[in-house]
Amino acid sequence: MYSTEVLDEMTKLVFMVKDQLDCSFDEACATTRIILQKVKRKEIAVDSSLKSSLPNFLEQARSSNFS
């Protein structure tokens, strides 16, 4: 089980992705999942370049979940 603080931060991240990409909540959740998986595998760093990668992650989410 996750702490309330972790869940709050994840919620903020999903809504930030949703606002940045102007996409649906489901797409933002799927995009956030992709980001977290890539960070966990150390495929990407959490830095200023992450914002420019968001559209690519949304396309990955759409192609895997929304086709």
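The model is predicted, so local features need pLDDT of at least 70 and side-chain atom pairs count only at pLDDT 80 or more, while totals for chains, interfaces and linings use all residues. Residues are numbered from 1 along each chain as its sequence is written, and side-chain values use heavy atoms, with hydrogens and water left out.

Let's start with the cysteines. There are zero disulfides here (pairs of cysteine sulfur atoms within 2.5 Å). The sulfur of Cys29 has its closest cysteine sulfur in Cys23, 9.1 Å away, so the two are too far apart for a bond.

Here is how the residues sit (buried is under 20% relative accessible area, exposed over 50%, partly exposed in between, using a 1.4 Å probe and protein chains only):

| Residue | Relative accessible area | Class |
|---|---|---|
| Cys23 | 7% | buried |
| Cys29 | 29% | partly exposed |
| Thr31 | 0% | buried |

Thr31 belongs to helix α2, residues 25-40 (helices are DSSP runs of H or I, at least four residues, numbered from the N terminus). A polar atom of its side chain lies 2.7 Å from the backbone oxygen of Glu27. Beyond neighbours within four places in sequence, Thr31 is in contact (heavy atoms within 4.5 Å) with residues including Val17, Leu21 and Phe57.

Now for the helix pair. Helix α1 (residues 4-21) packs against α2 at about 115 degrees, axes 8 Å apart (axes are lines fitted to C-alpha atoms over the stretch in contact, and angles run from 0 to 180 degrees between N-to-C directions). On the α2 side, Cys29 and Thr31 are among the residues making the contact.

Methods
Helix = DSSP H or I, 4+ residues; strand = E, 2+ residues; numbered from the N terminus. Polar contact = N/O pair within 3.5 Å; in protein donor to acceptor, adjacent residues only side chain to side chain.
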